[in-house]
Amino acid sequence: MEKGYIHVYTGNGKGKTTSSLGIALRSLANGYNVAIGQFVKSKELQYSEVTALNALSSLGEPFGKVTIEQFGNGCCCHAPTETAVKLAKEGLEKVKGWIESREFDVMILDELNIALHLGLLDEGEVLEMLKNKPENLEIIITGRHASEKIIEIADLVSEIKEIKHYYRKGVLARRGIEV
């Protein structure tokens with residue numbers, strides 16, 4: 001990839017992670033290597049996208065390779081725990097290592113906006129990392145509550161707005177659809 005851009009998918013609607021995973025699929029199908037760091041999300045829950053992308057990546061050429069890791073304990077609470085902060089910070093260090101390795105063409109930082117909004121990570125540190133990314137690395141950031149500074153540094157910003165959602169009727173996340 002010659003030029004990589006920074007995307008932000010934010011807003012209160014469903015589909016931010018799903019949009020980023022569409023890019024991951026396209027990238028893998030074109031032989032690009034993809035790293036996905038899922039902030040806030042827990043390793044305890046088996047996410048279907050992890051299973052699917054790992055299967056695709058294992059097919060070999062012409063597909064690229066994917067690396068997916070979760071950097072959270074599932075807590076999206078208003079008062080972050082020490083554990084949540086620790087996991088997010090460890091995740092950010094892992095992401096910095098991925099960037100330094102130059103092994104990846106596309107990097108998805110899923111729910112990074114939430115991690116910043118909750119105060120799990122230092123925004124200045126994240127912005128510095130983004131400013132210094134390799135020229136040819138595409139970075140996609142997802143999550144509600146994208147800050148003005150994150151929006152400013154991005155090349156593409158999409159806001160996904162909820163109009164109607166069955167969650168409001170008590171329907172929880174369903175396997176194969178939301179997880």
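Reader: In which strand is Q70 found?

Author: The model discussed here is predicted. Within it, the residue Q70 belongs to the run of residues 66–72, which is strand 3.

Reader: Is Q70 buried or exposed?

Author: A residue counts as buried under 20% relative accessible area. Q70 has a relative accessibility of 11%, and therefore it counts as buried.

Reader: With the side chain of which residue does the side chain of Q70 make a polar contact?

Author: Leaving aside residues up to four places away in sequence, Q70 touches K41, S42, K43, Y47 and V50, among others. The polar contact between side chains, at 2.7 Å, is the one that Q70 makes with Q38.

Reader: Where around helix 5 do its buried residues lie?

Author: Helix 5 spans residues 123–131, and its buried residues are V126, L127, M129 and L130. Because these residues cover an arc of only 160° around the axis, they lie on the same side of helix 5.

Reader: Which residue caps the N-terminal end of helix 5?

Author: The backbone nitrogen of G124 lies 3.3 Å from a side-chain oxygen. That oxygen belongs to the capping residue, D122.

Reader: Which element supplies the largest share of the lining of the largest pocket?

Author: The largest pocket holds about 1,400 Å³ of space. Its lining has 41 residues, and T17, K41, E111, R144 and E178 are the closest to its centre. Strand 2, helix 2 and helix 4 are among the elements that each supply at least two residues of this lining. The largest share, five residues, comes from helix 1.

Note on methods. Residues numbered from 1 in each chain as written. Predicted model: local features only at pLDDT ≥ 70, side-chain atom pairs only at ≥ 80, totals over all residues. Heavy atoms only, no water. Buried < 20%, exposed > 50% of the residue type's maximum accessible area, 1.4 Å probe, protein only. Helix = DSSP H or I, 4+ residues; strand = E, 2+ residues; numbered from the N terminus. Arc of directions from axis to C-beta. Polar contact = N/O pair within 3.5 Å; in protein donor to acceptor, adjacent residues only side chain to side chain. 1 Å grid on protein atoms, 1.4 Å probe; cavity = no way out; pocket = protein on both sides within 12 Å on 5 of 7 lines; lining within 4 Å. Points joined across faces, edges and corners; volume = space filled by probe spheres on them. Contact = heavy atoms within 4.5 Å.
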